[in-house]
Amino acid sequence: MPEPNPNTLARRKDIIAAMREIVPATGGVIVDEDQLRPYECDGLMAYRQLPMIVVLPENTGQVAAILKYCHTNKIRVVPRGAGTGLSGGALPMADAITISMMKFNRVLEIDWDNRAAVVQPGVTNLGITRAVEHKGFYYAPDPSSQIACSIGGNIAENSGGVHSLKYGLTTNNVLGLEMVTIEGEILRIGGKGLDQSGYDLLGIITGSEGLLGIVTEVTVRILRKPETARALLLGFNSSEAGGNCVAKIIADGIIPGGLEMMDAPAIKATEDFVHAGYPLDVEALLLVELDGPKVEVDYLIEKVGAIARDCGAVYSRISESEEERLLFWSGRKNAFPAIGRISPDYMCMDGTIPRARLAEVLTGMQVLSQRHGLRVANVFHAGDGNLHPLIMFDANQPGELERAEEFGADILKLCVEVGGVLSGEHGIGVEKRDLMPEMFTEDDMKHQERLKLAFDEDELLNPGKVFPTLHGCGELKTLHAREVANKFPDIPRF
């Protein structure tokens, strides 16, 4: 992480006084060490750092005033949502103001005619669905932490969930937003319309991990709840057979509402925790959900069942009620805490691979598990190849954290080697920052840095995240001009 700025630390009392003028509410500015402790990390708890101070603004005007002050005085800022992120994206800095957006927790408008909801970024993911479900609507992206994670954090990391295969990630379900830049300028991008003119700024901001600005309002798409939804549990004697079944389901033109896979260690841990009725004598378990009109769902269930039998399925069970369907999903959505019951610590990785390479990567992970001497359980969105290996370790044992980090890095390198990417939905943050060169060339990185610096030329927003080393504007311009001249020497220079 960047070294703390001693000049900023020396001005801490003045900064606190300025923040209390902007946010005068009781508890709006947190400065005591014990009260700062809950903000020292996000869901990646291996890395911790007390923030200099934490500020909890209550409206967009306060956010704009805070950022304008920080820009004028060259003070670093770390945006924070609910703190459920798993890549260290909200890791504080000793010389930075952490801005918590959790007082922005209201549903502002529900527009039934345009099938849209306008919410503040501190509203939980599940909170959106609860606000609209009485009329038969819901919000499609549903990460496993949806009961706690905020929609602002979902935008920062472009979160997905078990139904993202059919209904898309956050970026596919956000229609518009309000964002404050580091200069304190308030921007409105997009809206309730289906199409927007100009550059795809929504696409740039969604997944930008707090490096470009702070989102203060979000307009999301809400969908009508499907008429029917049923789930199948399909068990196989090998992960290879399960992966083959996934590929054949998609190749047959079937796009399930959800298509998840778990290996034997994850199945056992989850069943012991949730008692969802998962079979314990299989090596791989597929959870397939089909939704839509009843006649279509009944037809697709038979079709998927036939594909599974051809792929060697040794177990099959179909949900016969809504309660049973939800029970099936409760196991999958509690897989992470289930692993927490059997291991003192675990690290949840996040990489995405081509579906056809699934069996190869799972086999490779077992080889890496033996090499590093640590257990791994696999839970993943099989339909879109988004893997979530859970590396189990004990941080109290000397060297195990470091081995877990090395194991995780090797898994992500394997994902890239087979044509995948470093992250499917958790973001880069601190966890994958130093692996970016495994996936991107130096030129790729410089172009991404230029975009960052176009929004934040002083590198004040969430520094130390995503980029291993961030070049300044002048350095990038100089490098760019020289490289172009070398590549195209015959072009006249003016």
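Predicted model: local features only at pLDDT ≥ 70, side-chain atom pairs only at ≥ 80, totals over all residues.
**Salt bridges, a helix crossing and aromatic pairs**

Lysine 303 and aspartate 252 join their side chains in a salt bridge, at 3.2 Å from N to O. This bridge spans distant parts of the chain: lysine 303 sits in helix H11 (residues 294–310), while aspartate 252 belongs to the loop between helix H9 (239–251) and strand E13 (258–263), 51 residues apart. Lysine 303 comes out as partly exposed, at 29% relative accessibility, and aspartate 252 is partly exposed too, at 36%.

Over the whole structure, the search turns up 27 salt bridges.

Another of these pairs is lysine 103 with glutamate 58, whose closest N and O atoms are 3.4 Å apart. Lysine 103 is found in the loop between strand E4 (96–100) and strand E5 (107–111), and glutamate 58 in the loop between strand E2 (53–55) and helix H4 (60–73), so this bridge ties together parts that are 45 residues apart in sequence. Lysine 103 has a relative accessible area of 28%, which makes it partly exposed; for glutamate 58 the value is 38%, again partly exposed.

Then there is the salt bridge between aspartate 458 and lysine 74, with 3.4 Å from N to O.

Turning to helix packing, helix H10 (residues 264–274) and helix H13 (residues 335–342) have axes that come within 8 Å and cross at roughly 95°. An angle from 65 to 115 degrees counts as roughly perpendicular, and H10 and H13 are therefore roughly perpendicular to each other. On the H10 side, the contact involves Ala269, Thr270, Asp272 and Phe273, and H13 brings in Ala335, Pro337, Ala338, Ile339, Arg341 and Ile342. Sorted by class, the residues in this contact of H10 with H13 are seven nonpolar, one polar and two charged.

As for aromatic rings, two pairs show up in a search of the whole structure. In one of them, tryptophan 112 and phenylalanine 137 have ring centres 5.4 Å apart and planes at 50°, so the pair is tilted. Tryptophan 112 is partly exposed, at 24% relative accessibility, whereas phenylalanine 137 is buried, with a relative accessible area of 5%.

The rings of tyrosine 138 and tyrosine 167 also pair up, with centres 6.3 Å apart and planes at 85°, so this pair is edge-to-face. Tyrosine 138 lies in strand E7 and tyrosine 167 in helix H7 (residues 164–167), so the pair ties together parts that are 29 residues apart in sequence. Tyrosine 138 is buried, at a relative accessible area of 16%.

Definitions and conventions
Residues numbered from 1 in each chain as written. Heavy atoms only, no water. Salt bridge = Lys/Arg side-chain N within 4 Å of Asp/Glu carboxyl O. Helix = DSSP H or I, 4+ residues; strand = E, 2+ residues; numbered from the N terminus. Buried < 20%, exposed > 50% of the residue type's maximum accessible area, 1.4 Å probe, protein only. Axes fitted to C-alpha atoms, helices over the stretch in contact; angles between N-to-C directions. Parallel < 35°, antiparallel > 145°, perpendicular 65-115°, else oblique. Contact = heavy atoms within 4.5 Å. Nonpolar A, V, L, I, M, F, W, Y, C, P; charged D, E, K, R; others polar. Phe/Tyr/Trp six-rings, centres within 6.5 Å; stacked < 30°, edge-to-face > 60°.
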